[in-house]
Amino acid sequence: MTIAVTGAAGHLGRLTIAALQERGIPAGDIVAIVRDTAKAADLAAAGVQVRAADYADPAALREALIGVDKLFLISGSEVGQRLPQHTNIIEAAQAAGVGSIAYTSILAADTSPLALAAEHEATEKLLAESGLAHTLLRNGWYWENYESAVDTAKATGALFGAAGTGRLAGAARKDFAEAAAAVLTTDGHNGVTYELGGDEHLTYSDIADVLSRVLGTEVTYKDLPQAEYATVLEGAGVPAPFAQVLADSDAGIAAGALDTDGHDLRRLIGRPTTKLADVLGA
């Protein structure tokens, strides 16, 4: 069985390849699809098949997917360009005869108020219409998203955001990677939608408390209006369009869009999910 991973040189892709190998998949049966093969030289040296294909290049994608049984489609990183990119990959998978696809969506994509959810929901519809067997891995928020808050908290004693008292069920990238590997290496997942959230349900005030423990100094949460938070992010060097996306995501957290009472993630990985303190403390 040959398993391909898109975006394989990225954090989630690399962790998933490692998780596949931990589950007994030989390196030679894994295809790492990357834009720049130089960034995956270590994977190639370890025996992984590295194939070059840009999400915007249908012909290269078709070539890269030849002989692939299962595809792990990690959503593109270019917000606003994801739907055409995902369309190219799905159509290439059809042409190459890929057996099934596991796709990284977002929690409750079909009902989520997050701006980020729109492209995910549209991709889910593409998969439903494609005729391909598929599994939806609706990932929650990565705890690693708050690593950048450590330096700010150290310098200012504050965690800034616009999430109010909303809770989020975050987990580590490694948790989501292990869940993907479980789906890709076992049967019974086609047609299933997994809502993947962690065991911890934290508010931003809780996250500030975790930062306080990690840094050994008091950190407080400064809740801002959404527009003001976007301005703060821009002032810190975040490009305006992405600052708007991040501020919108915080507003979604305030509304509960990144929380879930389900335990799909824990069940798939067979262990408790990683705590925020363990991610930030590392």
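**Entry 1: Asn139**

Contact here means heavy atoms within 4.5 Å. I am working from a predicted model, so I keep that in mind throughout. With that cut-off I looked up Asn139, and I found that Asn139 touches Leu12, Thr104, Ser105, Ile106, Leu107, Phe176 and Leu196, leaving out residues up to four places away in sequence. Asn139 lies in strand β6, which covers residues 133-139. Is Asn139 buried or exposed? I noted a relative accessible area of 5%, so Asn139 is buried.

**Entry 2: Leu196**

Next I followed Leu196, one of the residues that Asn139 touches. Setting aside neighbours within four places in sequence, I listed Leu107, Leu137, Arg138, Asn139, Gly140, Phe176, Ala179, Asp264, Leu265 and Leu268 as the contacts of Leu196.

**Entry 3: the cores**

I then asked which residues have the most contacts inside the largest nonpolar core. They are Ile17, Leu20, Phe72, Leu137 and Leu196, and this core has 33 residues. I also checked which elements give two or more residues to this core: β1 (3-6), α1 (11-22), β2 (30-34), α7 (173-185), β8 (193-196) and α11 (264-269). Of these, α7 gives the most, with 7 residues. There is a second, separate core of 31 residues, and I found Leu159, Tyr221, Val279 and Leu280 included in it. A general reminder to myself: in soluble globular proteins, nonpolar side chains tend to be buried together.

**Entry 4: α1 against α7**

The axes of α1 and α7 are 8 Å apart, and the helices pack at an angle of about 50°. That angle makes α1 oblique to α7. The crossing of α1 past α7 is right-handed. From α1, I wrote down His11, Leu12, Leu15, Thr16, Ala19 and Leu20; from α7, Arg173, Lys174, Phe176, Ala177, Glu178, Ala180, Ala181, Leu184 and Thr185. Sorted by class, the residues of this contact are 9 nonpolar, 3 polar and 3 charged.

**Entry 5: α9 against α10**

Helix α9 (residues 226-235) and helix α10 (residues 240-254) have axes that come within 8 Å and cross at roughly 140°. They are therefore oblique to each other. Here too I noted a right-handed crossing, with α9 passing α10. On the α9 side I see Gln226, Tyr229, Ala230, Leu233 and Glu234, which meet Ala240, Ala243, Gln244, Leu246, Ala247, Asp248, Asp250 and Ala251 of α10. This contact has 8 nonpolar, 2 polar and 3 charged residues.

**Entry 6: Ala102**

Where does Ala102 sit? I found Ala102 in strand β5, residues 100-106. Its relative accessible area is 2%, so Ala102 is buried. Apart from residues up to four places away in sequence, Ala102 touches Leu71, Phe72, Leu73, Thr135, Leu137, Val183 and Leu184. I also looked up how Ala102 relates to Ala254: they are 152 residues apart in sequence and 29 Å apart in space, from C-alpha to C-alpha.

**Entry 7: Ala108**

My last stop was Ala108, in the loop between β5 and α5 (117-130). Most residues other than glycine have a negative phi. Ala108 has a positive phi of about 50°, although it is not a glycine. With a relative accessible area of 25%, Ala108 is partly exposed.

Notes
Residues numbered from 1 in each chain as written. Predicted model: local features only at pLDDT ≥ 70, side-chain atom pairs only at ≥ 80, totals over all residues. Heavy atoms only, no water. Axes fitted to C-alpha atoms, helices over the stretch in contact; angles between N-to-C directions. Helix = DSSP H or I, 4+ residues; strand = E, 2+ residues; numbered from the N terminus. Parallel < 35°, antiparallel > 145°, perpendicular 65-115°, else oblique. Left-handed = near helix turned anticlockwise from the far one by under 90°. Nonpolar A, V, L, I, M, F, W, Y, C, P; charged D, E, K, R; others polar. Buried < 20%, exposed > 50% of the residue type's maximum accessible area, 1.4 Å probe, protein only. Core = buried A, V, L, I, M, F, W, Y, C linked by side-chain atoms within 4.5 Å.
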